[in-house]
Each structure stands twice: as structure tokens, then as C-alpha cells.
Amino acid sequence: MSKFDKEQILRTSGVNVLKCMRCGKCSATCPSYDEMEYHPHQFVYMVEKGEIDKLMQSPSIYKCLSCYACVERCPRGVEPAKVVEAVRLQVIRQQGMNHLTPDDIPALLDEDLPQQAIVTAMRKYSK
Amino acid sequence: MQRIGVFVCWCGSNIAATVDVNAVSEALAHEPGVVFSTNYQYMCSESGQNLIKDAIKEHQLTGVVICSCSPRMHEATFRKTVAAAGLNSYMLEIANIREQCSWIHKDKAEATEKAIILGRAAIAKVQLNAPLTPGTSPVTKRALVIGGGIAGIQTALDIADAGFEVDIVEKQPTIGGKMTQIDKTFPTLDCAACILTPKMVDCAQNEKINIFAYSEVEEVKGFVGSFTVKIKKKARYVDPVKCTGCGECTEKCPMKKIPNEFNLGLDTRRAIYIPFAQAVPKVATIDPDHCNMLKNGKCGLCAKVCSAGAIDYKQKDEIVEREYGAIVVATGYNPIKLDDYDEYAYAQSKDVVSSLEFERLTNAAGPTGGTLLRPSDGKHPHTIVFVQCVGSRCSNEGKGKSYCSKICCMYTAKHAMLTREKYPDTDVYVFYIDVRSPGKNYDEFYRRAVEEYGVHYIKGMVGKVVPRSDGKLLVQASDLLANEQLHIEADMVVLAAAIEPDKSARPLATMLTASMDTNDFFTEAHAKLRPVESPTAGIFLSGACQGPKDIPDTVAQAGAAASKVIGLLAKDKLTGNPCIAHPDEWMCNGCSSCEKVCPYGAISYVDKEFRMPDRTTAIRRVAVVNEAVCQGCGACTVACPSGAMDLKGFSNSQIMAEVDALCKM
Amino acid sequence: MNFSYYPGCTLKNKAQDLDRYARLSAEKLGIHLEELSEWQCCGGAFSMGKDEIASKLAAVRALNGAKEQGQDLVTLCSACHNVLKQANDAMAHDEEFSEHANNYMQLEKPYKGETRVIHYLELLRDVVGFDNLKKAVVKPLTGKKVAAYYGCLLLRPSKVMQMDNPENPTIIEDFLRAIGAEPVLYANRNECCGGYAVLEDRAIAQKKSAAVMENAADQGAEMMITACPLCEYNLKKNTPADGRLPVYYFTELLAEALGVKE
């Protein structure tokens, strides 16, 4: 089970986690660090170790802001955000695992909220 | 018909594990001309070489084929072996069945078949080999050292000490290099100036050493033993003989706002300047880009105050031509530009500095007189964050260097330790990925920084530095061991920038036909066995031009390069390579194609009298090869339209015999 | 000069000012923006999953639309720009994805990333030229200290976006100089505002947006400009009311400087 998931994540993300040199610059630059249980460098390392289940069960996967700071600043070109995205996709692609549904939206709106926020969140959180 | 012996080497298991060596020696025993064939565990060992020598004598061999490693590795060894047995050393051919066979194949049957084919090709070639005798060329007993940093200085001193003349060419106005900018040196904390400046003075006073400061190499011609080099002595606009280095001019010059490169722009100098008090030669130099007199013809103040009358606004660049037997490259390194790393706010804040800038800020001869003050407001910093590996160990396309810069871990430990020693009220953080301290007493030094001086070493990187208007630098970093993101309010941030070869190295390598790697470091002839020689004969490597190095490594390599140079200069004559071009005068039609492609200028033409078959006499223009200059590259043999030009030892017929053997399978 | 134009959904609704001032300014500068006849929402974010195909097709359709018009495609919203650029890059360089997408789309001719996507700021810099823009200014914003907020999506990932140095960009600062304003540099101009996470976690948007605005104010800015509706929202709504700087779309300042703001 876990091995299959790891391969799926490597395929979906296109990331070679072995390029990581454990410098932690991704986590040093992550704006969502404090919100996360597992941090960007841990995503990369845990995928390498095959600990996918822990990541899939963690709310951390909904905390990445897709700001690309870790992608930009990683000295090794590892692109940690793509790993986070791949784990999240693995979760929300499962039946009934949408993190956000259209029914949730009305309660979250305010009059100025741009459409962009809603479509982006839907894209990130649900299938 | 040759009597050929075949010797198949196992190279321990390097070859034997992938190639069936018995099958190879057995198959090759049946090739035409082969009278002896065997295999052995280590053909290059003494007993292996004896085996070859004995077989030559016992079987009256006239040709030898050794199936072994690359000729780059042991051709020279085996040439000596066959010569010791009385054979001409060019009656030897090597079939490379290691690098080109066993190391790159997995299937034993396939590799064995390939090894046999490679052996056959070598046998076919040796059938056509003829004894060759190398010519000799003279040695100019003087060396050129390019670069006057600690690497060049040490090399020059060692060569001079052996009694040979040395010229140092240094592009800056003074010799000394990066080490002049450094305050103290790890791991013993000697003052850099105290150990370097006496060596600079030794260079100046040594009658065997001639310093061309503020000069550049313009052109290199010739070959090992006989290089001719053009050196451009850039105009200083000051007569170096008359100038006493008193410094009067540098105090009166009205152009005051020029960034001082010696202090990395942290303060200013004048348009006429002496880089620092201990400069060698201690001669003033006018910076033509900023001098009002040179630019607009107005001013002339320095000439007025110079009591020695040394100022000469009409001075011109001068080209000097010199002969050398050997050339040592010692062009050194520079820290990379930090433009691509503005997440650390290097461009935004004066208090984010490179390590070399920090070095100047703590140096007694630096802009702050050795008191550590922030460049922005001149205040004492109380919290300093050091960031390691800035631009080193990067594989992110287009940004940074793939290699470890090697010196940063130790100089950062030094900076951190000295800061804590001098200013115990300062908090010092070092963010590291790995601490690399494999030198003698290096790890102990780093541990002292932690254990005795209380430097906070944190495993992790800095992700962002945000300068605040109150002068604080907000450092956001990861602490991987605590699994925390840290936010530190720092007063200074010091970046350990990766180092790279000096920009002058690439064009110089082209002039020297010396090879470089993709990072522009000079390549050594063999990574382990010939570390201070370039693959180009007569070119030697000293210091960081070959790879990142600290001072102890540089000095060791400088001495090694010097000893290689001394070994060369001690010879009266050099034995050349006999595998050189020679024209068949009867076939040559004097078309000049070969002359045009020869990179060494080894080919010329003569009008020669020929007795023709009809007994008449004809004067014909034919090519002549200067055997001392020809390097045997073979370009002329390819260019020759009539096939008149051939390369000894690699003749067209020999190459075709090899191809035939390979294609017969 | 004619360009195809992709406004995106938000510019038709909450961010109409961003669009309106851009069009007015473009006309004044002799640029005709031809809105693509049929476009769909880009999706707001480019899915980083290489095996996500369908969610990227709206962007590919828009790119192909511009190709059929034979024009460069101008974008304005940072998010749309990011999605279109990344989709275009994938069509050009990710063969597996490109083949999949083309199979789904069944176009007359397969799309291979031919369209050049340029952001309105790049249009000003590279087509109009900031020097010419400066000459066209009738009401310079002299003395206004303005902080340019880039956010994430204009600059990153820089290998694909290629707009400017991702850590030390100058395009908006140069734009500000061209319209007579004084740019204020601050380090957080390329840090995240909290983005779409505001939808379910307003606290993080407040934290991140506040850090951006406080840094800009600390460095002496009087106002901020942005190209992104979501950044604008977060900066306006999710920063502490005390000390909040006014936030504008860059096109509004442009229109004002060009004298075309109604």
C-alpha cells in the first residue's frame, strides 16, 4: 500500500526527493510553517521514507499556500510544494474526501471576497 | 613479419571479473605474428613487468601488445619495461580493455568478445610499428608564475630557492592576493599579514624573482621547455623606479570618492593610490577611469606634490616578451556575486555582508581599524547571524555552484569565535547544513567555537532576511533539530558566499591550451597521481585555480608545483614525443593546407631540388616539419589533400589496419 | 498594436477597476487589447500535479485562442498570468502532458505552447517602454511614496515566469518611477499575503498580510499597489485597521498619471 502511494506521489509531483540535501531552506522560507504539523522538508523526507499515510492524514496538506517560495529558494531544485500538492491530490482524489464542497462556500463569503479565492480553494481542496 | 607477444592483465578483479582473461590470451595466441600470449594478475607490478621482459628475451619478440588499462595510466610504465628488455619502446601497443571494456560492460561473454577484438586491433597495428627515436629540445631555465597570491608567491619562492629564475605576473598593482585581505587564519589564528607580508618582501628582495605587478599575460607561444610569453605591463602613470611609495600623492589627490576595492567598497580611496601600506611593489598607481588629469587634462596635483618626479601622465602600456621553460597557473578565486540571493537582503541592507567584507570589518588595517561596527550606522552589532553555503552545493539550474566551497565552514567558525572573544556580549548564530572540518586540528577548532566560545550552531538554513527601519534585520530560519522556524532580530547578517575561479582563468586556459572543468577550475593531469600538473606539458597548477583550497592546502600544492617545475628546469634537454608529423616529399605538392591548420606553427616550406624519373632536375616547394615544435596532433594529416603528411606511430596505414581488424570481428 | 487579452473571472466582478483602468490606459498608449471571444476561468491556481490534465484545459484553450488570432496574449491578474504561463510552459516542455491535453482538446492543429504570454506590466516595460510611458504621463504622481507588492505569482516559479529577478525585482518600481512616483523598497514585497487560504483560515491571511503591510509602512510607504485581486483583498481587509495603508491596483495609478481616470 505505502510503496504504491510513494510511487504515485513521485509520479504526480515529478519530484526527485533524493536530490534533497536536508538544508531546511524550504521550511525556513515557508510562510505557513506555524500552521503545519509536518513542514516542507518533512514532506520531502517522509515521502522518501515512504511514510505517506501520516502525511495523508495530516491537516498540513491544506496549509500550503502554493506561494512557490520553497520551489524558488531550494538550492537543490527539489520543489517541495509539488510534493505537498501530490499528497493532497492523493487524498482528495479518493471518493468522499473533498476538503471543501460548494455547500461550504456561502458561509465563508464576505461581500468583497474575490472569485479568485473561491475557485482557487475549490481547485486546491476538492475534486 | 613481427614476432609479437601478447600480455593480458587481470587488473586484480577490475578486468578479470568481467572479461575471461584466459579466453582472451588464448584467442589472441592464434593471431598472425603472435608467438607468445599469456595473462597475469597485475601486469604493472614488478613481477608482471619481469614476465614481459623475460618473454621478450626468451621469444625474441619484436612487438608487444598489452591488454590492460588505458594508456593514459601505464603507457609510460610499459614503454620503460620493453626498453629495459632491449626493444624500442615504440614497438609497444596497449589495448584498453579496462576503461573501454570491463568497466563499462556487465555481460562477461560480450565483454570478453570485445576485449579480444580490441586486442586484435592492437596486434594489427603493432605489425606495422617501426622503431621511433624521440628528438630532444632545450629547456629555458626560467619559470613564469601567473598570479601573485599566496599560491604564486610560495611557488615562486620555492623555485627561486632551487636556483632558478622566476617571473611573477600579477594583474593587481601589488602581489599578495586574497590573503592580504584576511585578518586571522584558522586553525591557529596567526595574523595573515604577519605570515604573508614577509613572504611578499622575500619575493621583492630575491634576485632570482622578477615581479611584473599590474601586468597581464597577453600571448603564450611554444611548448614545454620553450615558451615565449608576451606580458602587458599596464601603464601605472607612475615611474616605479622613481616612486618611493611615500604616499604624499595619495593624500593630496582631490578625487576622494572612489570605492576602495581592497576594502571591498566599504570605504573609499583616491584616483592615485597604493592598495595598502605593505604593498609590494610599494608604488603608487593612477586609476585612469577616475583621474581627472588623464580624463580631462585638468588637475596634475599629484605631479606637483611628488618630490621624486615619478608621475608620468604619458606613460603607455608596455609589452615585454620573455622566454620560459615552465608556466605555473596560480590565478586563484573570488567570492561569487550575491545578486541572485536577495532573499538574504544583501542588496537591500548594508548590514548584510559577505564573509570577505566581514574580514575587512574586523581587520586592524580595514575601514574600521579592526573594531567591528555595522556599515550602516557605525554601531556595535549585538546579534550576528552567519549563513553558510550561500551559493555552494546548489543544483538549482543557473543559480550557484554545484561544489562545496570548502573554506567557508572553517572561516565562519573563526569569525564566530573571534567575535565572541572580542565582544562577549554579542550573540552569534551560525546556520549550517553540515559542518565540514576534516583538516588537521580543524574539528577541534570548530568545537572550541561551540564549547568554549558559546557560538550557537543551528542546523538549518536562513530563508528570508527582512531589514527594518530601526536597523534590525529580521532573520527567518529553520532549526531542523528542534523542528522549529526561528525568528531572530539580528544586527548583522554574514553570508558565506561560494567561491569561483577568477574570471581571467578562462581566457588564460585558452592561451595555454590547458583544460578546465565546467566550473572553470583548471583540470589536473590525474586527480590522484598528478594533482599539480595540467595535462598540457609544461603547465603546472597552484592553489585555488585548480579547486577550492584553504591556505595550508594552497601552500602545500604551491610547493608541489614548484618541485615539479624544478624537476623540469633541472634537465638540460627534454626528450620529445617521436610521434610527430612527417611529409612524403614526393607526394607533397606544396599546397600549404597543412601549414594553415597547424596550431603550433611547426610547418614551413622549402624549395628543394628533385631528381625526376626522367633524369631531369626539378625545384619543388615541399612542406618541412620542425620536429621540436610539432606536438603530433595530426591536424595536418587530415588536411593534406594528397595524403603526403603522415603521423609517425599513428600512420594512416596503421590506423586502417586497426579499423580492418575491428571490422573483421 | 493589437494584443489578445485574457481578463479572467475576477476582473469581471470584484476587480473591475483593475480591468477598466488597464483598458483605458492601453488605448491612451496606442495599444488595442482584444478580449478573447471565448474564455473560461483559469481555475485560479495551476495544479502542480503532472497527471492533472482536465483542470488545465481552460488555460490551454485560451492560449490556443490567442494562437488562432495570431497575437501575443496579455494578462493582468497575477493568478491568471501564473496559470497561463505555467500551462503554456507545460504544453511546450512536458511532452506527456502536452500529448494528453491535445488528445482531449481535438484541435485542428495541436497546440505546442506557441503563444507568447505577457503580463500587462511586461507590455509596459517591453512593448511601450518605461521611457515612452514617462513621456505619456500628464499627471505625474510626484512625491507619492508607493510600495510595490509583487506577491508570489508574478515572480515564481522564476524558471517559468521569467518576468524579473525573483528575489530583487524592479519592474513595478521602474513602472512607479515612470509615472513619477517614488518607489519604496521593502523585503516582504515578494512574500505571500496568505492567498486563498483566507477562505477557511482568515487568521493566516491576517498574519501574512499584516507582515507585508507593516514592512512597507515601516520603510516609509504611503500606499501600496498590486496586480492581484486576492492580494488586494487580503491587504485591504485582513490587515490591522490601525496604520493600514491605502491599496490600489497599479492600473489605477497608471490611468491617473495618464489622465484617463474618470
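In the predicted model, chain C meets chain A through 36 residues of chain C and 32 residues of chain A. On the chain C side of this contact, two or more residues each are given by helices α9 (202-218) and α10 (229-237). The largest share comes from α10(C), with 4 residues. By class, the chain C side of the contact with chain A has 18 nonpolar, 10 polar and 8 charged residues.

Chain C also touches chain B, where 9 residues of chain C are in contact with 13 residues of chain B. The chain C side of this contact is made up of 2 nonpolar, 4 polar and 3 charged residues.

Within chain C, the domain assignment gives domain 1 (2-120) and domain 2 (136-258). The C-alpha centres of the two domains of chain C are 23 Å apart. To the contact between them, domain 1 contributes 22 residues and domain 2 contributes 18 residues. On the side of domain 1 that touches domain 2, the elements giving two or more residues are α1 (16-28) and α3 (78-93) of chain C. That side of domain 1 divides into 9 nonpolar, 8 polar and 5 charged residues.

Chain B contains 18 helices and 34 strands. Its C-alpha atoms occupy a box of roughly 95 × 65 × 40 Å along the principal axes. Chain B has 665 residues, of which 46% count as buried. Among contacts in chain B with a separation of 6 or more, 70% are made by residues 24 or more positions apart.

The largest nonpolar core holds 265 residues, and the members that touch the most other members are A143(B), V328(B), V329(B), V385(B), F431(B), V493(B) and L84(C). Helix α15 (residues 551-569) of chain B provides the largest share of this core, 8 residues. A second, separate core has 44 residues, including F7(B), A27(B), Y90(B) and C101(B). Leaving aside residues up to four places away in sequence, V385(B) touches Y429(B), F431(B), V462(B), V475(B), I488(B), A490(B) and V493(B).

Helix α15(B) also packs with helix α6 (residues 150-161) of chain B: the two axes come within 8 Å and cross at roughly 40 degrees. The crossing of α6(B) past α15(B) is right-handed. From α6(B), the residues taking part are I150(B), A151(B), Q154(B), T155(B), D158(B) and I159(B). Their partners in α15(B) are I551(B), T554(B), V555(B), A558(B), G559(B), A561(B), A562(B), V565(B) and I566(B). Taken by class, the contact of α6(B) with α15(B) comprises 10 nonpolar, 4 polar and 1 charged residues.

N39(B) is located in strand β2 (residues 34-40) of chain B. N39(B) counts as buried because 23 C-beta neighbours lie inside 10 Å, where the cut-off for a buried residue is 20 or more. Apart from residues up to four places away in sequence, N39(B) is in contact with V8(B), W10(B), V21(B), N22(B), V24(B) and S25(B). Between N39(B) and P288(B), which are 249 residues apart along the chain, the C-alpha atoms are separated by 70 Å.

Definitions and conventions:
Residues are numbered from 1 along each chain as its sequence is written. Chains are lettered from A and ligands numbered from 1 in the order in which they are written. This is a predicted model: local features need pLDDT of at least 70, side-chain atom pairs count only at pLDDT 80 or more; totals for chains, interfaces and linings use all residues. Two residues are in contact if their C-beta atoms, placed from the backbone, lie within 7 Å. Ala, Val, Leu, Ile, Met, Phe, Trp, Tyr, Cys and Pro count as nonpolar, Asp, Glu, Lys and Arg as charged, and the others, Gly among them, as polar. A residue is buried if 20 or more other C-beta atoms lie within 10 Å of its own, exposed if 12 or fewer, and partly exposed in between; C-beta atoms are placed from the backbone. A nonpolar core is a set of buried Ala, Val, Leu, Ile, Met, Phe, Trp, Tyr and Cys residues joined through C-beta atoms within 7 Å. Axes are lines fitted to C-alpha atoms, for helices over the stretch in contact, and angles run from 0 to 180 degrees between N-to-C directions. A crossing is left-handed if the near helix is turned anticlockwise from the far one by less than a right angle, and right-handed if clockwise. Domain bounds come from an automatic or database domain assignment.
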